[in-house]
Amino acid sequence: MELIRLILLNFESPDDLSIRDQVEANYTTKVVNYQLVLLIEQKLLLGHYYEDKDGDVEEVHIERITWEGHDLLDSMRDPKVWKVAKDKVLAPGVSFTFELLKDFLKAAAKQSLNFP
């Protein structure tokens, strides 16, 4: 999930080379491409990808971050909220779904704004 956050941050601010450096230093191209495909499938990024005859992702082209991608990123942006999400939802041994994480982040955002 940290990689997904970094990818979304990168597509929101493509000129921030520090984000790209973090991704390149910590993740292989294969792992990044796999996550990009998942982000396309979840409609968080607009793009397309090509697979080889074995079903491995060969190439990924991203056009832009979507509205949903921006919404998710906005809920993940605050380092304090993200740390709480990682500690509570993404903690080792905790079973979670992507939807659960999104719901948690939305609730945390509402709470920070004092929404009911």
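Two strands count as paired if DSSP finds at least two bridges between them. The structure described here is a predicted model.

- Strand β1 comprises residues 45-51, and strand β2 comprises residues 57-65. The two strands pair in the antiparallel sense, over seven bridges.
- Leucine 45 stands opposite isoleucine 65, a residue of β2.
- Glutamate 51 has valine 57 as its bridge partner in β2.

- Most residues other than glycine have a negative phi. Lysine 43 is not a glycine, yet it has a positive phi of about 65°.
- Lysine 43 is located in the loop that runs between α3 (29-41) and β1.
- The relative accessible area of lysine 43 is 55%, and the residue is therefore classed as exposed, the cut-off being over 50%.

**Helices α1 and α3**

- Two packed helices are described by the angle between their axes and the distance between the axes. For α1 and α3, the angle is about 75° and the axes are 10 Å apart.
- These two helices are therefore roughly perpendicular to each other, since angles of 65 to 115 degrees fall in that class.
- On the α1 side, the contact is formed by Leu3, Ile4, Ile7 and Phe11. These residues meet Val31, Val32, Gln35, Leu36 and Leu39 of α3.
- By class, the residues of this contact between α1 and α3 are eight nonpolar, one polar and no charged.

**Helices α4 and α6**

- Helix α4 spans residues 67-76 and helix α6 spans residues 98-112. Their packing angle is about 60°, and their axes are 9 Å apart.
- Because of this angle, α4 is oblique to α6.
- The crossing of α4 and α6 is a left-handed one.
- Leu72, Ser75 and Met76 make the contact from α4, while Phe98, Lys102, Leu105 and Lys106 make it from α6.
- The residues of the contact between α4 and α6 comprise four nonpolar, one polar and two charged.

**Helices α5 and α6**

- Helix α5 comprises residues 79-88. The axes of α5 and α6 come within 10 Å and cross at roughly 140°.
- This angle makes α5 oblique to α6.
- The crossing of α5 past α6 is right-handed.
- From α5, the contact is made by Val81, Trp82, Val84, Ala85 and Lys88. From α6, it is made by Leu101, Phe104, Leu105 and Ala108.
- The contact of α5 with α6 includes eight nonpolar residues, no polar residues and one charged residue.

- Isoleucine 7 is part of helix α1, which spans residues 2-12. Its relative accessible area is 4%, so isoleucine 7 is buried, the class for values under 20%.
- Leaving aside residues up to four places away in sequence, isoleucine 7 touches Val32, Gln35, Leu36, Leu39 and Leu45.
- Isoleucine 7 and tyrosine 50 are 43 residues apart along the chain, and their C-alpha atoms are separated by 19 Å.
- Asparagine 10 also has its place in helix α1. With a relative accessible area of 10%, asparagine 10 is buried.
- Asparagine 10 touches Asp16, Ile19 and Arg20, when residues up to four places away in sequence are not counted.

- Valine 23 lies in helix α2, which covers residues 17-26.
- The relative accessibility of valine 23 is 11%, and this residue therefore counts as buried.
- With residues up to four places away in sequence left out, valine 23 touches Leu3, Leu6 and Val32.
- Valine 23 and leucine 3 are 20 residues apart along the chain, while their C-alpha atoms are separated by 7.1 Å.

Methods
Residues are numbered from 1 along each chain as its sequence is written. This is a predicted model: local features need pLDDT of at least 70, side-chain atom pairs count only at pLDDT 80 or more; totals for chains, interfaces and linings use all residues. Side-chain values use heavy atoms; hydrogens and water are left out. Axes are lines fitted to C-alpha atoms, for helices over the stretch in contact, and angles run from 0 to 180 degrees between N-to-C directions. Helices (H or I, at least four residues) and strands (E, at least two) are DSSP runs, numbered from the N terminus. Angles under 35 degrees count as roughly parallel, over 145 as roughly antiparallel, 65 to 115 as roughly perpendicular and the rest as oblique. A crossing is left-handed if the near helix is turned anticlockwise from the far one by less than a right angle, and right-handed if clockwise. Contact means heavy atoms within 4.5 Å. Ala, Val, Leu, Ile, Met, Phe, Trp, Tyr, Cys and Pro count as nonpolar, Asp, Glu, Lys and Arg as charged, and the others, Gly among them, as polar. Buried means under 20% relative accessible area, exposed over 50%, partly exposed in between (1.4 Å probe, protein chains only).
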